[in-house]
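Here is a friendly briefing to read alongside the model. Please keep the sequence and the 3D view open as you go.

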Amino acid sequence: MSERKDTLQQYVSDMLAVERHLLPAFENQSKDDRMAKYPEARRLVNKIEATINSHINGLKQHLENLGGDAASPVKSAVTTALGVAASVIENMRTDPVSKNLRDDYTALNLAAVSYTMLHTTGRALMDEQTADLAAAYLMDYTPLITEINEVIPEVVVSELRDETEVLDPGAAAQAVERTQQAWRREHVHSGHTHAW
(Lines give C-alpha, C1' and ligand atoms only; values in the text may rest on other atoms or scores of the structure.)
Protein backbone atom coordinates (compact mmCIF):
# COMPACT_ATOMS: atom_id res chain seq x y z
CA MET A 1 0.00 0.00 0.00
CA SER A 2 1.23 3.50 -0.74
CA GLU A 3 2.33 5.76 2.07
CA ARG A 4 -0.27 8.32 0.91
CA LYS A 5 -3.13 5.83 1.14
CA ASP A 6 -1.89 4.57 4.50
CA THR A 7 -1.82 8.13 5.85
CA LEU A 8 -5.32 8.85 4.58
CA GLN A 9 -6.64 5.65 6.12
CA GLN A 10 -5.05 6.52 9.47
CA TYR A 11 -6.49 10.04 9.54
CA VAL A 12 -9.98 8.89 8.54
CA SER A 13 -9.75 6.06 11.06
CA ASP A 14 -8.76 8.53 13.78
CA MET A 15 -11.76 10.71 12.92
CA LEU A 16 -14.05 7.69 13.02
CA ALA A 17 -12.68 6.89 16.48
CA VAL A 18 -13.37 10.47 17.60
CA GLU A 19 -17.00 10.20 16.52
CA ARG A 20 -17.41 6.74 18.05
CA HIS A 21 -16.08 8.02 21.38
CA LEU A 22 -18.52 10.94 21.36
CA LEU A 23 -21.62 8.90 20.64
CA PRO A 24 -22.22 7.11 24.00
CA ALA A 25 -22.05 10.36 25.97
CA PHE A 26 -24.72 11.97 23.77
CA GLU A 27 -26.86 8.83 23.72
CA ASN A 28 -26.92 8.79 27.51
CA GLN A 29 -27.50 12.52 27.78
CA SER A 30 -30.48 12.35 25.43
CA LYS A 31 -32.06 9.80 27.79
CA ASP A 32 -31.32 11.86 30.92
CA ASP A 33 -34.64 12.63 32.67
CA ARG A 34 -33.36 16.07 33.71
CA MET A 35 -33.42 17.13 30.04
CA ALA A 36 -37.24 17.06 30.09
CA LYS A 37 -37.12 20.41 31.87
CA TYR A 38 -35.16 21.90 28.95
CA PRO A 39 -36.88 20.98 25.66
CA GLU A 40 -34.56 23.14 23.52
CA ALA A 41 -31.50 21.54 25.08
CA ARG A 42 -32.96 18.05 24.62
CA ARG A 43 -33.81 18.80 20.96
CA LEU A 44 -30.25 20.02 20.41
CA VAL A 45 -28.67 16.98 22.07
CA ASN A 46 -30.87 14.70 19.95
CA LYS A 47 -29.79 16.60 16.83
CA ILE A 48 -26.13 16.22 17.82
CA GLU A 49 -26.61 12.50 18.43
CA ALA A 50 -28.19 12.06 14.98
CA THR A 51 -25.33 14.03 13.40
CA ILE A 52 -22.73 11.85 15.08
CA ASN A 53 -24.49 8.69 13.88
CA SER A 54 -24.58 10.08 10.34
CA HIS A 55 -20.88 10.95 10.50
CA ILE A 56 -19.97 7.49 11.78
CA ASN A 57 -21.79 5.85 8.87
CA GLY A 58 -20.19 8.19 6.33
CA LEU A 59 -16.69 7.79 7.76
CA LYS A 60 -17.01 4.00 7.84
CA GLN A 61 -17.99 3.99 4.18
CA HIS A 62 -15.21 6.40 3.25
CA LEU A 63 -12.61 4.38 5.15
CA GLU A 64 -13.72 1.21 3.36
CA ASN A 65 -13.52 3.06 0.03
CA LEU A 66 -9.92 3.91 0.92
CA GLY A 67 -9.25 0.22 1.55
CA GLY A 68 -9.28 0.50 5.34
CA ASP A 69 -11.13 -1.62 7.87
CA ALA A 70 -13.81 0.35 9.71
CA ALA A 71 -14.42 -2.54 12.11
CA SER A 72 -10.90 -2.71 13.52
CA PRO A 73 -10.24 -0.84 16.76
CA VAL A 74 -7.94 2.13 16.48
CA LYS A 75 -5.45 3.16 19.13
CA SER A 76 -3.85 6.54 18.82
CA ALA A 77 -3.15 9.67 20.80
CA VAL A 78 -6.37 11.17 19.40
CA THR A 79 -8.55 8.31 20.57
CA THR A 80 -6.83 8.16 23.94
CA ALA A 81 -7.37 11.88 24.52
CA LEU A 82 -10.95 11.70 23.33
CA GLY A 83 -11.59 8.60 25.40
CA VAL A 84 -10.55 10.53 28.47
CA ALA A 85 -12.74 13.49 27.43
CA ALA A 86 -15.76 11.25 26.79
CA SER A 87 -15.19 9.52 30.11
CA VAL A 88 -15.11 12.86 31.89
CA ILE A 89 -18.32 13.90 30.15
CA GLU A 90 -19.99 10.62 31.04
CA ASN A 91 -18.88 10.74 34.67
CA MET A 92 -20.15 14.29 35.11
CA ARG A 93 -23.79 13.49 34.31
CA THR A 94 -24.74 14.27 37.89
CA ASP A 95 -23.68 17.86 37.29
CA PRO A 96 -26.25 20.48 36.33
CA VAL A 97 -27.45 20.31 32.72
CA SER A 98 -25.63 23.58 32.00
CA LYS A 99 -22.29 22.00 32.86
CA ASN A 100 -23.13 19.00 30.69
CA LEU A 101 -23.81 21.36 27.79
CA ARG A 102 -20.49 23.08 28.49
CA ASP A 103 -18.74 19.71 28.22
CA ASP A 104 -20.67 18.95 25.02
CA TYR A 105 -19.41 22.24 23.59
CA THR A 106 -15.84 21.22 24.39
CA ALA A 107 -16.27 17.78 22.80
CA LEU A 108 -17.79 19.20 19.61
CA ASN A 109 -14.96 21.72 19.30
CA LEU A 110 -12.47 18.86 19.53
CA ALA A 111 -14.36 17.12 16.72
CA ALA A 112 -14.45 20.35 14.70
CA VAL A 113 -10.70 20.94 14.90
CA SER A 114 -10.16 17.27 14.08
CA TYR A 115 -12.22 17.74 10.91
CA THR A 116 -10.13 20.80 10.08
CA MET A 117 -7.05 18.59 10.34
CA LEU A 118 -8.66 15.85 8.22
CA HIS A 119 -9.71 18.40 5.59
CA THR A 120 -6.17 19.78 5.48
CA THR A 121 -4.74 16.27 5.17
CA GLY A 122 -7.08 15.47 2.30
CA ARG A 123 -6.12 18.68 0.54
CA ALA A 124 -2.38 18.21 1.13
CA LEU A 125 -2.50 14.63 -0.14
CA MET A 126 -4.69 15.66 -3.09
CA ASP A 127 -7.63 13.49 -2.06
CA GLU A 128 -10.64 15.68 -2.77
CA GLN A 129 -13.14 13.11 -1.47
CA THR A 130 -11.53 13.11 1.97
CA ALA A 131 -11.16 16.89 1.96
CA ASP A 132 -14.78 17.41 0.90
CA LEU A 133 -16.16 14.90 3.42
CA ALA A 134 -14.22 16.55 6.27
CA ALA A 135 -15.35 20.04 5.23
CA ALA A 136 -18.98 18.92 5.03
CA TYR A 137 -18.86 17.30 8.47
CA LEU A 138 -17.15 20.36 9.94
CA MET A 139 -20.00 22.43 8.49
CA ASP A 140 -22.44 20.12 10.29
CA TYR A 141 -20.83 20.88 13.64
CA THR A 142 -20.30 24.63 13.52
CA PRO A 143 -24.01 25.53 13.75
CA LEU A 144 -24.49 22.98 16.53
CA ILE A 145 -21.64 24.52 18.52
CA THR A 146 -23.19 27.97 18.02
CA GLU A 147 -26.58 26.61 19.05
CA ILE A 148 -25.13 25.43 22.37
CA ASN A 149 -24.13 29.06 22.95
CA GLU A 150 -27.73 30.05 22.28
CA VAL A 151 -29.33 27.38 24.50
CA ILE A 152 -27.04 27.37 27.52
CA PRO A 153 -27.91 30.83 28.95
CA GLU A 154 -31.57 29.88 29.48
CA VAL A 155 -30.52 26.63 31.14
CA VAL A 156 -28.14 28.52 33.45
CA VAL A 157 -30.87 31.00 34.40
CA SER A 158 -33.35 28.19 35.01
CA GLU A 159 -30.89 26.38 37.26
CA LEU A 160 -30.15 29.60 39.15
CA ARG A 161 -33.88 30.15 39.56
CA ASP A 162 -33.97 26.88 41.52
CA GLU A 163 -31.28 28.24 43.87
CA THR A 164 -32.19 31.90 44.36
CA GLU A 165 -35.18 34.20 44.13
CA VAL A 166 -33.48 37.35 42.81
CA LEU A 167 -32.67 37.13 39.10
CA ASP A 168 -32.56 39.52 36.17
CA PRO A 169 -35.39 38.27 33.90
CA GLY A 170 -33.52 39.41 30.79
CA ALA A 171 -30.19 37.82 31.67
CA ALA A 172 -30.48 34.84 29.32
CA ALA A 173 -31.39 36.96 26.28
CA GLN A 174 -28.60 39.44 27.08
CA ALA A 175 -26.08 36.61 27.47
CA VAL A 176 -27.06 35.12 24.11
CA GLU A 177 -26.63 38.50 22.41
CA ARG A 178 -23.22 39.19 23.99
CA THR A 179 -22.01 35.69 23.19
CA GLN A 180 -23.07 36.06 19.57
CA GLN A 181 -21.26 39.42 19.41
CA ALA A 182 -18.09 37.73 20.62
CA TRP A 183 -18.28 35.22 17.75
CA ARG A 184 -19.09 37.62 14.92
CA ARG A 185 -16.58 37.62 12.13
CA GLU A 186 -15.61 41.26 12.54
CA HIS A 187 -14.75 40.66 16.20
CA VAL A 188 -13.02 37.31 15.75
CA HIS A 189 -10.76 38.71 13.04
CA SER A 190 -10.10 42.10 14.62
CA GLY A 191 -6.59 42.87 15.72
CA HIS A 192 -4.76 40.12 13.87
CA THR A 193 -3.69 39.30 10.38
CA HIS A 194 -2.08 36.26 8.85
CA ALA A 195 0.68 36.09 6.30
CA TRP A 196 -1.17 33.53 4.20
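A residue is called buried under 20% relative accessible area, exposed over 50%, and partly exposed in between, with a 1.4 Å probe and protein chains only. By that scale R4 is partly exposed, because its relative accessibility is 38%. This is a predicted model, in which local features need pLDDT of at least 70 and side-chain atom pairs count only at pLDDT 80 or more, while totals for chains, interfaces and linings use all residues. Residues are numbered from 1 along each chain as its sequence is written, and side-chain values use heavy atoms, leaving out hydrogens and water.

**Overall layout**

- The chain holds 7 helices and 0 strands, where helices (H or I, at least four residues) and strands (E, at least two) are DSSP runs numbered from the N terminus.
- Read from the N terminus, the order of elements is α-α-α-α-α-α-α.
- Of the 196 residues in the chain, 40% are buried.
- The accessible surface of the chain is about 11,100 Å², and carbon and sulfur atoms account for 56% of that; accessible areas come from the Shrake-Rupley method with a 1.4 Å probe, and for residues only the protein chains shown count as cover.
- Taking contacts (heavy atoms within 4.5 Å) between residues at least 6 apart in sequence, 75% join residues at least 24 apart.

- V18 lies in helix α1 and counts as buried because its relative accessibility is 1%.
- The C-alpha atoms of V18 and I56 are 9.3 Å apart, although 38 residues separate the two along the chain.
- E19 also belongs to helix α1, which covers residues 3-30.
- Which residues does E19 touch, leaving aside those up to four places away in sequence? They are I52, H55, I56, L59, Y115 and Y141.
- E19 is buried but has no salt bridge, and the nearest side chain of opposite charge, R20, is 9.8 Å away; for charge, Lys and Arg count as positive and Asp and Glu as negative, with His and the chain ends not counted.

**Helix α2**

- Just after α2, G67 adopts a positive phi of about 90°.

**Salt bridges**

- A salt bridge here is a side-chain nitrogen of Lys or Arg within 4 Å of a carboxyl oxygen of Asp or Glu.
- The whole structure contains 9 salt bridges.
- One of them joins D127 and R4, with 4.0 Å from N to O. This pair ties together distant parts of the chain, 123 residues apart, since D127 sits in the loop between α4 and α5 while R4 is in helix α1.
- D127 counts as buried because its relative accessibility is 10%.
- E40 pairs with R43, their closest N and O atoms being 3.0 Å apart. The two are 3 residues apart in helix α2, so about one helical turn separates them.
- An α-helix has 3.6 residues a turn, so residues three or four places apart point the same way.
- Both partners are partly exposed: E40 has a relative accessible area of 45% and R43 has 33%.
- E40, R43, K47 and E147 are linked in a network of salt bridges.
- E177 and R184 form a salt bridge too, with 3.3 Å between the closest N and O atoms. E177 is partly exposed at 37% relative accessibility, and R184 is partly exposed at 33%.

- T116 is in helix α4 and is partly exposed, with a relative accessible area of 36%.
- M126 is placed in the loop between α4 (97-124) and α5.
- Phi of M126 is positive, near 55°, in a residue other than glycine.
- Is M126 buried or exposed? M126 counts as exposed, because its relative accessibility is 67%.

**A nonpolar surface patch**

- V156, L160 and L167 make up a nonpolar patch on the surface, with about 190 Å² of accessible area together.
- Patches are made of residues with over 30% relative accessible area and no salt bridge, joining like charges within 9 Å and nonpolar side chains (Val, Leu, Ile, Met, Phe, Trp, Tyr) within 5 Å.
- L160 lies in helix α5, residues 128-161, and is partly exposed at 35% relative accessibility.
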